[in-house]
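Take a look at the structure, then read through the points below.

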Amino acid sequence: VTRSSIRLALIAASILTVPAFAADVTPERLLNPDREPQNWLMNHRTYDGQRFSPLARINRDNIKNLKLAYAVPLGGLGGNEWNEATPLVENGFLYITDSWGVLYKIDVTSGDVGRIVWRMDPKQEKQGTNRGAAFWRNLAISPANWPARIVATDKDSGNVVWQTNVMFDQPELRITAAPLALRDKIIVGASGGDNGVRDWIAGLDAATGAVLWRKFTIPAPGEPGSETWKGANNAWQTGGGAVWVTGTYDPDTNQTIWGTGNPVPMFDPFYRPGDNLYTNSAISWDPESGKMNWYFQYTPGDMWDYDEVGTHILIDGEIAGQPRKLITHSARNGFLYTMDRHNGQTLLAKPYLDNVNWTSGIDQKTGKPLDYDPGKDIQTYAGVGNLVPGAPLKKVCPSQAGGNNYWPSSYSPRTKLLYIPALTACVNVSIDREKHNAQRGWNGGLSQTEERWESSLTSMDPLTGAVKKTVHLRYPNYSGTLATGGGLVFLGLLDGTLAAFDENTLEELWKINVGTGFTAPPMTFEVNGRQYVAITSGPSAVSRAKLVNTPELRDMRNATVLYVFGL
Amino acid sequence: MTIRTRSIRTALFAATVLTAPTLAADVTPERLLNPNKEPQNWLMNHRTYDGQRFSPLTGINRDNIKNLKLAYAVPLAGGAGKEFIEATPLAEDGFLYITDSFGVLYKIDATAGDVGRIVWRMDPKQEKQVANRGAAFWGNLVVSPASGPARVIATDKTSGKVVWETNVADGEAKITVTGAPLAIKDKIMIGASGGDAGARDWVAALDAGTGKLLWRKYTIPAPGEPGSETWKDKNNAWQTGGGAVWVTGTYDPDTNQSLWGVGNPVPMMDARARPGDNLYTNSVISWDPDNGRMNWYFQYTPGDMWDFDEVGTHILFERTINGQPRKLVTHSARNGFLYTMERTNGAMVGAKPYMDVNWTRGIDQKTGKPLDYDPNKDVQTYSGIADPTAANPVKKVCPNRTGGNNYWPSAYSQKTGLLYIPAMTACEFVTNDPALVKREPGWYTRTGGGYKVDGRYESNLTAVDPVTLEIKKNIHLGYPNYSGALATAGGLVFVALLDGTIAAFDDTSLDELWKINVGSGFAAPPMTFAVNGKQYLAIASGPSGAALSKLVLTPELKEQRNATVLYVFGL
């Protein structure tokens, strides 16, 4: 752990040289985002993870006039760059990271050009996924890798104030998710699980970077949950459970809710018999201490990579005449789960895809698959997609990539609907019992399909589980959705299309194509009274693999460009 | 060195006929001679043989330009860092063809109007990136340069398969081919570059059907050849004398001559290393495309010491002067002057500065030579202001070594009769340093000097009447133009700048009517085409290393990144 007194020295220097400080992003500002709807102060804009913006200047009536305002290329250092970051915006300055971990501050005050003010380059030797930064007072805090680090950069000067190495003797560990700033702490999740890492979540001192607590998502022998790792392989040591999408936070109950990833090796449950807690789970953490308040596991003993890192969106709603504080989660396994925020008690779980085949359904009380058998070391579930060593390929729906995945769903308080972007393809999977080491890789099997990977946009009532509307899209959505006060739902596709839909009818109202796919989410901001929609192009290699059966995109190239659209 | 693969071509044609439902139409010599019969297309590097870079399209015009917006974008390359584009796209019946800095040729389906899908890529497998200014159509072929080794490659337009590939390096590793080829009748004309690395450059013609080298003519004469008397040194400087040919020439079918500009002598800043006028550097040469015979030449800056390379286009236009119809050629020279001359023999009509110039007191309006040029001197002094000497090794020269105008093309509007010149405006301090005249290895540093600048590199857009040489209008732009100009019958002049701005100006007032910024500079020219009755503006972003070095005193662009993206705009 690198702690630094450099910060004080830098601040002293800054006071001398920088004429005007940007305003501190205080805990109060982060708790009251709707007082400054022009800004986007954290990864999901708000602690509730709704990815809804109240901005309404761009709306259903004028969306047809939306056009490129300006573009800002990022990266440019090497080949095959990509972007998965949601930009942050504060008072006309936009902050984003690229696949080299470089953090950019971009001046977007003029409205017709975006000039890069500074770049903080953490000098990664390789590219790695990076989903963006967090604001805390005068710092922009971002992940970096090789080695896994959290870096705090002075917003004004672009100088590094503190940098904490969080590798902790696991060289394959990565930090890919945007950090979450809570009061005086920075919460970060560890990933790299699919390379045989035991992942964790941690709280850092926001001012110094000191690690205050760190909790593994895979229990060690003797710890609660360790009884769900039954084999003799010490699989828990390499068991995954990555935490690679920023969690949500409920200030009223002071809990932060983060999804956890799949068990490793992903396709081979025989290497790791048991339910494999706390993989594929929602975990409620006390941000002060890292104490686990409660957890809920979606797919025990997973064999299809049904990683549940996707956002756990906080909503308020009325059920049976009672106002309830709820959580809703469009799971990678094809179901939408709505649960009580205080304890994770399932209220409903309904499929948002029409082709789910791995289970016959979800128990509406327990949230467990109807065919889950707690007495089994290896689940069979519906008996359709379950993997057995030596068996031929089995067709499973949804695919190992979802359904929904890290690309966020959004919830509109206007319509009280959740907008779920989901892959629709099924895959054929099988076990490879040798793939659980550094030489052969850690995925424990393989997945393939001859289908085109395509997607759907589905609007769903999270209080009833009813699908209100669904539209099919010809290309995969690896980007997510954004809902706005203008009655619009935005999404980006892997063919380079950015599109806007009517929030009720899901009619396509506007689109443009920039020729390279999106794996980063759209967001919106306002400056000088004008609203903009921003999204960064540049598809990851994992997403590009989904174009294997899409011949018209065979020669599509990568470019990491921040596109900003306005009226 | 020539690889002939005629039989492959025949085989590919047979295969294509069986599998492809419709062949794209052949680009015949007749089509290339009659571009205004298909104004929706852009069939060669400068659109037309006259090099005017004027489009008759009027769908986008002064009245509606304010509604111009991004229609779609098509990223190119993406396999490495620091990629760049200098190519003008070609457009034929809804398909675009463009090359990138790896020599990759792309066919892009632009028929939809709201997306550009890449149909195929022809990858010549270059190890390194090299400037590549685009392709030429001939028959069913798209003919493009590639480097490392220097090659010319003909790709089947329909299938994307290579039909012939000719290695033109002739054993000279420093040679690159960067200018777009020029298809004339049954031949492909190309120029060689790599001069600044110490190559001896040339112009050549290949058989368009087979790629066979038909003739090759050096721009630097060997001892005993005409012009060799202008290389007076004892160092065999002619062997490494440069004279690169790196911008596509023009062609006058009536007189069957093709006019190509020639680059600077090497080492560029040390005239004492190569005393004499150094023919045929910094010249325009009229070639007979059938046999490579030189019809005539004119040298702009004899015994150059400022890199006043004159590869920029030699634009052909007609005008009635004193009741006489005249066939003329005009050239916005890198040395800061606009020259207009007779097309048949290069006789001077006039030469006037289009910007502030200090290296000479002026140009003799009859001979076209600098007034202070002394044919008896081995090393010219010109005005005595800008020539670095042993006593005064640092001198300020205007324009700077990059121009003025340069490879980025001026455009001539048939609507206004004006030439639109995009020019750099900075002066530079040049230093002569014989220590920088390096022999092997390290020709690349064979500059013979250095340079520095104490102000921002910026630019002008200047409208000049090429007959009277009168400046009609001039506007200053805050960033360098490394891209060129495009004039249209819609009354517009388009330019693009190194800060990522594309802008459109009124062709008369030069008022800025529209602009957009894409955040990465332009080193490739804008062009326009139409498909399904709708006009589009296309330009590829991605500044070269040479271009980016011009931003040294432009702090607000210090962190600007590169992205090679073809942007297509429509109403």
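In this predicted model, the torsion about the S-S bond of Cys397(A) and Cys426(A) is about 110°, so this disulfide (a pair of cysteine sulfur atoms within 2.5 Å) is right-handed. The structure holds 2 disulfides over all chains.

**Disulfide in chain A**
- The sulfur atoms of Cys397(A) and Cys426(A) lie 2.1 Å apart.
- This pair links distant parts of the chain, 29 residues apart.
- Both Cys397(A) and Cys426(A) are buried (under 20% relative accessible area with a 1.4 Å probe, protein chains only).

**Disulfide in chain B**
- Cys398(B) is joined to Cys427(B), with 2.1 Å from S to S.
- The torsion about this S-S bond of Cys398(B) and Cys427(B) is about 110°, so the disulfide is right-handed.
- Cys398(B) is buried, with a relative accessible area of 9%.

**Confidence**
- The complex has an ipTM of 0.94 and a pTM of 0.94 from the predictor.

**How to read the numbers**
- Residues are numbered from 1 along each chain as its sequence is written, and chains are lettered from A and ligands numbered from 1 in the order in which they are written.
- Local features need pLDDT of at least 70, side-chain atom pairs count only at pLDDT 80 or more, and totals for chains, interfaces and linings use all residues, while side-chain values use heavy atoms, leaving out hydrogens and water.

Definitions and conventions: Helices (H or I, at least four residues) and strands (E, at least two) are DSSP runs, numbered from the N terminus. Buried means under 20% relative accessible area, exposed over 50%, partly exposed in between (1.4 Å probe, protein chains only).
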